[in-house]
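Biologist: Could you take me on a close look at one part of this model, the second chain? I'd like to hear how it is built and what it touches, in plain words.

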Amino acid sequence: MSAIQPPAQLLWWKQPLDRVEGTWIAIALTWSLIMFVMMPLWHVYGKQNLSNEAYRTTPEAYMAKTQAMVNQYTVRTETDQQIPVVSPPPGSDVYLIARLWQWWPILELKKGQTYRLHIASMDYQHGFSLQPVNINTQILPGYEMVLTITPDTSGDQTIICNEFCGIGHHTMVGKILITENGS
Amino acid sequence: MSQQLFRTCPESGLQFHRSAEWLMRANAVAAVVMLLIGGITALAVVLTRWPAVHLLPADRFYQILTLHGINMLIFWIIFFEIAVLYFCSSTLLRVRLATPRLGWLAFALMVTGVIVNNLSVLSGNSSVMMTSYVPMPAEPKFYLGLILFAVGALIGCFIFLGTLVIAKEEKTYEGSIPLVTFGAMTACIIAVFTISAGAIILIPTFMWSMGWITTIDPAMYRLVWWAFGHSSQQINVAAHVSVWYAIAAIVFGAKPLSEKVSRGAFLLYILFLQLASAHHLLVDPGLSSTWKIFNTSYAMYLAVLASMVHGLTVPGSIEVAQRAKGFSRGLFEWLRKAPWGNPTFSGMFISVIGFGFIGGISGVVMGTEQINIIIHNTIYVPGHFHATVVLGTTLSFMALTYFLIPVLFRRQVMFPALAKWQPYLFGGGMMVFTLSMMGAGTLGVQRRHWDMTFADSLMGFDYPASAYTLMGIVGISGVAAIVGGAVFVLITVLSVFFGKRVGSESSYGTATTRLMRAEPEVLPAGGHGAAGLWGFAAPGTFVFALFFLSIFVVYYWVNWKYLASVWPMS
């Protein structure tokens, strides 16, 4: 019963390794280092990386920026709540608001074009989960996150809140519409 | 000094200090009560997430889910861990427990904390999930309950450390402390860090909920809270790995392949495991990739290395012990001839497999900086941590309990035939449950979400039919696991209170014997490896480890491939 008794040797740290342990440690350490190197490598060669670009903001300041975009680029409204559908030009800054319990406004983006997507919360913490493409990020109040995205799939995407934000959490659903690039 | 009373367990040879014994019993019983409440809430949660049943209304679901998370992840496990800490210090080292009165104070604080916190959740005003992310408010009582519990647990940790000091001072053991006590010390050190982090964030949050502080920064909250929330799961890892070693020693008389490697792996936990808290912040705004990569890899995956080492040395030590008994034919006779009908062994072995293959691999994969983008906050995440915490920690604690009922409580285990099956039902159910959750998460099904049909929302979304099938399997396998858990609670409670007493009433005396060093090993000619193959002492385990690694590697690359299919982002 030795694991629950003091080691047999007083100088147990001088006991040599078994070959099976030494071999396994070498293999496991190699694998650990490969996994570690993959992350910086993906920043260089991979296409899916978060920018980590973020700014402190306030609900008022962020609302003002979003409203300005909505005023300029709204093309129509949808749903009973008349949510504006906004179609900003490719390459521009696009603003999305997360609030209880809504993603606002509806964005209309062109496939294959790049946008700077800003997201911030007006109140509690929210989770931005874009389905079915499956992109998930955390949205915090007071922080404006910027993602430079290039939608390269056809078909509209749904934004689902995946951070619990109160009783209406499961109704917090929004849309990003993807239009085929006509030109 | 007052007289210290000890008794020797005739079956196991363990010596129990009376004050420590009663504290262990109290903490273990409280733990099982929490497991019972956690299990009842688990049933309500799983029956709601099973789309065909969808049991609870939304508000009740979020409330019950909050209760389930806190009672299972914090209260059940930490109560049991306090019992384990007392066992690994006082009992294993044959020493009186330091300050037993403070031990009762700690216990009282923990029980009070549980009641205050649970009442707050039950009132319906604190349905904020276990994480209680600001600025979503809970009642002050919610945080106060957690703080009281944490203070109690912290006192328990210091009693453990004090007991180690007494044992050394009074020379109750020879040489170094046993490996299992060393592992428990690792858990204790991590616990002190964890509980301190909890205090650092929960005390200001309590003050905020009282209106004494105007704001708590949500990013700061997440950073510090997860130093508590994730690290508490690292206490579990250190504790249940210690339990694995203890059970290997108790059932097989197994000794570590080498003390140096096993202790070194525990040391890596102390140094690096806490960094894993960063996993939760991988897609948060405001943190740099450099910070994320260093922390999420626990400094180049050195803590993962430690778990991979334990994953080899625990079964490896069993293999060596079995081969020494003559079960040495081929690669796996030692495993085939293991006591699969003994729930202490089967529970522990299923725990090793579930923790390593399901919990470990999924944890490393989803904790990769970029891969987290396709997994964060989906139901994949609870899939992962039910594999680590339930299959890993809970099942190994259940396995240890089957050993403790006769030894600590002096009662025979009732319904032995049922007990024999319990780890398979619980572990098997949990394996299917976790794998289906991870599958559904990969399809984008969310965690902490009441309605995957989005029936009440302005704009809907349709998950593929396979997502509904998987959530149905989650429901069925979850119920199976809960039945397995209920069987455990039933056997434990009935055995402890109504079981047949073991042997004669043991008497307490003042004398204890000194804990001697293990017998020096008699190596066969040709050294340790000669009993195995290819110069490996544990060739079967090594083949097993290579099998594990190949699954790990394949699954890791599959996820990079999946990530490469989503929108380009920078």
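Predicted model: local features only at pLDDT ≥ 70, side-chain atom pairs only at ≥ 80, totals over all residues.

**A close look at chain B**

Modeller: If you picture a box along the principal axes, the C-alpha atoms of chain B fill roughly 70 × 55 × 45 Å. Of the 570 residues in chain B, 61% are buried. And if you take the contacts in chain B between residues at least 6 apart in sequence, 85% of them join residues at least 24 apart.

Now for the domains. Chain B splits into domain 1 (15-252), domain 2 (268-332 + 535-564) and domain 3 (339-453 + 461-500). Going by C-alpha atoms, the centres of domain 1 of chain B and domain 2 of chain B are 25 Å apart. Where these two meet, domain 1 of chain B puts in 18 residues and domain 2 of chain B puts in 17 residues. On the domain 1 side of that contact, H5, H6 and H7 of chain B each supply at least two residues. H7(B) gives the largest share of that side, with eight residues. Sorted by class, the domain 1 side that touches domain 2 of chain B has 13 nonpolar residues, four polar and one charged.

Next, the contact with the partner chain. Here 97 residues come from chain B and 79 residues from chain A. Quite a list of helices in chain B each supply at least two residues to the side that touches chain A, among them helix H2 (58-93), helix H5 (179-209), helix H8 (259-272) and helix H16 (539-564). The largest share of that side, nine residues, comes from H10(B). By class, the side of chain B that touches chain A holds 59 nonpolar, 24 polar and 14 charged residues.

Is Ser120(B) buried or exposed? Residues count as buried when 20 or more other C-beta atoms lie within 10 Å. Ser120(B) has 23 other C-beta atoms within 10 Å, so Ser120(B) is buried. Leaving out residues up to four places away in sequence, Ser120(B) touches Asn125(B), Ser126(B), Ala138(B), Glu139(B), Lys141(B), Phe142(B) and Gly145(B). Tyr143(B) is 23 residues from Ser120(B) along the chain, and their C-alpha atoms are separated by 9.3 Å.

One last stop, over in the partner chain. Chain A has an open sheet of seven strands with mixed pairing, in the order S2-S3-S6-S12-S11-S8-S9. At the edges are strand S2 (74-78) and strand S9 (135-139) of chain A, each pairing on one side only. From one strand to the next, the twist averages 25°. Inside the sheet, strand S3 (residues 83-86) of chain A pairs with strand S6 (residues 106-110) of chain A in the parallel sense, over two bridges. Val85(A) has Ile106(A) in S6(A) as its bridge partner. Lying across S2 and S3 of chain A is helix H2 (residues 59-73) of chain A, which runs at about 75° to S3(A).

Definitions and conventions
Residues numbered from 1 in each chain as written. Chains lettered and ligands numbered in written order. Contact = placed C-beta atoms within 7 Å. Helix = DSSP H or I, 4+ residues; strand = E, 2+ residues; numbered from the N terminus. Nonpolar A, V, L, I, M, F, W, Y, C, P; charged D, E, K, R; others polar. Domains from an automatic or database assignment. Buried ≥ 20, exposed ≤ 12 C-beta atoms within 10 Å, placed from the backbone. Pairing = 2+ DSSP bridges. Axes fitted to C-alpha atoms, helices over the stretch in contact; angles between N-to-C directions.
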